[in-house]
Amino acid sequence: MYLKELTELDGVSGDEGRVRDFIKEKIESKVDGVKVDVLGNLIAFKKGTKSNRKFLLAAHMDEVGFMVTNVEDDGTLSFAPVGGVDPRVVVGKHVRIKGEVPGVIGYKAIHLQKRNEILESPKYENLRINIGASSKDEATQKVEIGDYVSFATDFRCENSRATGKAFDDRAGCAVLMEIIERSERFEDDIYFAFLVQEETGLRGSAVLFEQLQPNLALVIEGTTAGDDPGLPEHQWATHLGDGPAITFMHRGYVVNKKIYESILQVAQKYDIKHQPKRRTAGGTDAARLAKTGGGVPAGVISVPARYIHSPLSVIDVDDFKNTVSLVGKILEEGEGFAR
Amino acid sequence: MLKCLSGVDGPSGYEDEALKLIEEKIKPYADVLKTSRLNTLIALKRGEGTKKLGIFAHVDELGFVVAKVEERGFIRLEPIGGVDPKVVLSQRIKIFTKQGVASGVVGFLPPHLQKEDQRGKVPSFDDIFVDVSCSSLGEHVSVGDICVIEGECAELGSKVSGKALDNRASCAALILAAQNLQAIKNRADVYFIFSSQEEIAGPGAVSVAYELGLDEAIVVDVTHANEKVPQFPQIKISEGPALAVGPVINREFYKALSDVAKRNGVKIQLEPTPGRSGTDTDEVQITGSGIKTALVSIPLMYMHTPVEVADPRDIEETARLIALASTM
């Protein structure tokens, strides 16, 4: 399981290099070919025994985070979110700039806030990263405008639950890597795509069709759960521990019916715990794949995760393992899948 | 030392772990060590017996108590001291259960699932919840367990960031001062007092001030650095300790401290305090038949967050100043 290494690496959209290098090094010897395309997507290829279809498995490498937008005179850094990060989860956190420079995001002491400010959402324009520099000159020796910033969160696993950052979508990357670890060949040619820039508008997946012309695709995601006291029960999207979530529709795409039903059939056939995703909010690269070139019919299978797009999210390790099993069984079905 | 002191946990009323570490650190420099009934540690360094000088630093930090245990591995917290709910979201929480330390996660709904009316507002402690399903001791969490935000202490260039630097930075200054008194000869008998329950304006410091019958007291605490408060001078980090002036401070004692600082090249800042100071000084001054007080504050950024920032040089200068005070 590569979840620890993958989630502890920093790879905000546009800065996926560290994640890509790690994955490339681990998988290179286990596939028939690997390349990095113009946008930075990592594409690995495994030849099939029949090679009648091109089956694409996709997960995105990038995570939400920040970019340094200005170095202030007092040595602090202004920053803006890259992807959707709620400013309410940002205060009081340790961060890393370009994977190495430590910093913190503080906030005006509660003693100095007006009563009505205390329950007001912080605004990015008022937040700063402090790297211990006392002046602009001192700060620019270590960082510059445009540097990427990630939360500095360690990975832990206890009680068959894992906590850390970036399960969206390093969980998906980890699933693909587990499948690559398997030595057998499947009937279809398999393309494993580790994508860039999902969080900033499904951009990496836009250039896959032209390069691969896949016949069908599966997008593997870390998706919202919401099964917590923050939402009434009827609004929960997925439940931790109930298995991989199968999407029937999300923003911009109703999942190809044949693929959706075939996923369910495989799960039932092998008695793999699974659940439908009960909400249609949010989107995945499946929407982009369906819209590019001649269009690729794609399914979406996700590891449910609580509190995503924050420094600290939670997944159930059994859900992760069941996702690996389900995707593995789908590939074993060969040409019988989604026929 | 600062990183060690920040790393131990000791919310108000539960300061034992922190006190134990401080006792270890100050022991080599003290003639007598004792702990009061209200969990305050006193280290005496004898001088010539000219007077009794108490130097105070509170040991306690902010924390929480488990207020409710709900189904499916979720709990609710009540704060101990002035905790800003904004700094609690998406943090790891350490929960001291009877079976050991459980680790929880403060959950926050992702933007995808938020409703329009949930945006823009920060949940209060009524709505903040902790997920303990991810802890092997999660099932053992019960109402009344004490918690703290887990905060690592990190070096940021020449500065240090971590939790509880309010007021472990001052604890470090007292220990350093005690060490300095190995070289500088103190005239006053100096009592280094590591007190409990300041964050809830509790009884730690005053009870000891009364028992010891002090002539003078210096309270060492932290003050807001690099924040512009209208009408007030901006206290700056890395510019040395701030000396308070105002009704809770004895004028002559302040003047003497300020003079000794100047004579010895200790850089100080001035902090006008027109009313109460919000530190133990306020109560210590009116203890028994009255005590001459001074307040020395270490500049601290982002007070009461898990990422407070202090400059170790300010702490060293504070230590030098209070060691010099014992020679007056």
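Student: Which residues does Leu212(B) touch, leaving out those up to four places away in sequence?
Tutor: In this predicted model, Leu212(B) touches Lys52(B), Gly54(B) and Tyr191(B).

Student: Where does Leu212(B) sit in chain B?
Tutor: Leu212(B) belongs to helix α4 of chain B, which covers residues 204–212.

Student: And what separates the C-alpha atoms of Leu212(B) and Lys52(B)?
Tutor: Those two C-alpha atoms are 8.3 Å apart, while the residues lie 160 residues apart along the chain.

Student: Is Leu212(B) buried or exposed?
Tutor: Leu212(B) is buried, because 20 other C-beta atoms lie within 10 Å, and the cut-off for buried is 20 or more.

Student: Changing topic: how many residues of chain B are in contact with chain A?
Tutor: There are 49 on chain B, in contact with 49 residues of chain A.

Student: What kinds of residues make up the side of chain B that touches chain A?
Tutor: That side has 22 nonpolar, 18 polar and nine charged residues.

Student: Now chain A. What domains does the assignment give?
Tutor: Domain 1 takes in 3–63 + 165–336, and domain 2 takes in 65–151. Taken over C-alpha atoms, the centres of these domains of chain A are separated by 32 Å.

Student: How many residues of domain 1 of chain A are in contact with domain 2 of chain A?
Tutor: 13 residues of domain 1 are in contact with 13 residues of domain 2. On the domain 1 side, the residues divide into two nonpolar, five polar and six charged.

How values were computed. Residues numbered from 1 in each chain as written. Chains lettered and ligands numbered in written order. Predicted model: local features only at pLDDT ≥ 70, side-chain atom pairs only at ≥ 80, totals over all residues. Contact = placed C-beta atoms within 7 Å. Nonpolar A, V, L, I, M, F, W, Y, C, P; charged D, E, K, R; others polar. Helix = DSSP H or I, 4+ residues; strand = E, 2+ residues; numbered from the N terminus. Buried ≥ 20, exposed ≤ 12 C-beta atoms within 10 Å, placed from the backbone. Domains from an automatic or database assignment.
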